[in-house]
Amino acid sequence: DQKLFAGLLIKCVVQLELIQTIDNIVFYPATSKKEDAEHMAAAQSQSKSRRRKYYLDKKSLLFTRFKGKSKPNLLKQETSSLACCLRILFRMYVDENRRDSWDAIQQRLLSVCSEALAYFITVNSESHREAWTNLLLLLLTKTLKLSDEKVR
């Protein structure tokens with residue numbers, strides 16, 4: 001069991017590294033972090049206590065460790081991979097060089113966004129919902145930046 005768990009842990013770490021590498025290659029490390037920071041700044045008109053609670057929850061998620069034989073927390077993989085996917089799809093959807101593929105990209109973007117929102121609605125854990133804050137901000141901010149023609 002211990003050997004199996006160690007193998008699972010390594011696979012989870014490698015998967016997260018691959019997700020972050022793809023995001024870094026496509027958007028450069030500073031771009032995604034800057035974008036996330038801008039989305040968060042826009043949403044931080046909330047009260048100080050709510051911001052402090054979010055920061056503490058997010059910080060604890062970043063430092064989650066595997067203990068004993070418990071299942072690995074794959075929340076970071078879930079949120080990082082979806083954020084990367086959304087960034088890529090939104091960029092492709094406005095890229096003039098991909099005009100011929102816009103219909104297919106639009107369908108995929110609508111599908112991913114619909115599935116993400118449907119999943120978010122079913123999440124019962126408050127900390128899980130809080131971890132999705134950046135994803136929702138990304139989705140909504142990117143949607144707001146689309147032209148009226150694209151939104152139609």
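**Close-up views of a predicted helical model**

A search of the whole structure finds three salt bridges, and the legends below describe them together with other local details of this model, which is a predicted one.

**View 1. A salt bridge joins Arg87 to Asp23.** The closest N and O atoms of Arg87 and Asp23 are 3.6 Å apart. Side chains of opposite charge can pair when their charged atoms come close.

**View 2. Two further salt bridges are formed by Asp95 with Arg98 and by Glu96 with Arg99.** The side chains of Asp95 and Arg98 meet with an N to O distance of 3.7 Å, whereas the closest N and O atoms of Arg99 and Glu96 lie 2.5 Å apart. Asp95 is partly exposed, with a relative accessible area of 25%, and Arg98 is also partly exposed, at 39%. Arg99 falls in the partly exposed class as well, with a relative accessible area of 45%.

**View 3. Helix H3 packs against helix H6.** Helix H3 covers residues 75-94 and helix H6 covers residues 133-145, and the two pack at an angle of about 10 degrees with their axes 10 Å apart. Angles under 35 degrees count as roughly parallel, and H3 and H6 are therefore roughly parallel to each other. On the H3 side, the residues that meet H6 are Thr79, Leu82, Ala83, Leu86, Arg87 and Phe90, while H6 contributes Leu135, Leu138, Leu139, Lys142 and Thr143.

**View 4. Ile10, Val14 and Leu18 make a nonpolar surface patch.** The patch made by these three residues has an area of about 290 Å². One of them, Ile10, is found in helix H1, which spans residues 2-43. Ile10 is exposed, with a relative accessible area of 54%, and the cut-off for that class is over 50%.

**View 5. Arg129 sits in helix H5.** This helix comprises residues 126-131. Leaving aside residues up to four places away in sequence, Arg129 touches Phe120, Ile121 and Val123. Arg129 is partly exposed, with a relative accessible area of 27%.

**View 6. Ala104 lies in helix H4.** Helix H4 runs over residues 102-122, and Ala104 counts as exposed at 54% relative accessibility. Ala104 and Tyr93 are 11 residues apart in sequence, and their C-alpha atoms are 9.3 Å apart in space.

**View 7. The whole protein gives the setting for these details: its secondary structure comes to seven helices and zero strands.** From the N terminus on, the elements follow the order α-α-α-α-α-α-α. Of the 152 residues, 30% count as buried, and the protein exposes about 10700 Å², of which carbon and sulfur atoms supply 58%. Among the contacts with a separation of 6 or more, 69% are accounted for by residues 24 or more positions apart.

How values were computed
Residues are numbered from 1 along each chain as its sequence is written. This is a predicted model: local features need pLDDT of at least 70, side-chain atom pairs count only at pLDDT 80 or more; totals for chains, interfaces and linings use all residues. Side-chain values use heavy atoms; hydrogens and water are left out. Patches are made of residues with over 30% relative accessible area and no salt bridge: like charges are joined within 9 Å, nonpolar side chains (Val, Leu, Ile, Met, Phe, Trp, Tyr) within 5 Å. Accessible areas come from the Shrake-Rupley method with a 1.4 Å probe; for residues, only the protein chains shown count as cover. A salt bridge is a side-chain nitrogen of Lys or Arg within 4 Å of a carboxyl oxygen of Asp or Glu. Helices (H or I, at least four residues) and strands (E, at least two) are DSSP runs, numbered from the N terminus. Buried means under 20% relative accessible area, exposed over 50%, partly exposed in between (1.4 Å probe, protein chains only). Axes are lines fitted to C-alpha atoms, for helices over the stretch in contact, and angles run from 0 to 180 degrees between N-to-C directions. Angles under 35 degrees count as roughly parallel, over 145 as roughly antiparallel, 65 to 115 as roughly perpendicular and the rest as oblique. Contact means heavy atoms within 4.5 Å.
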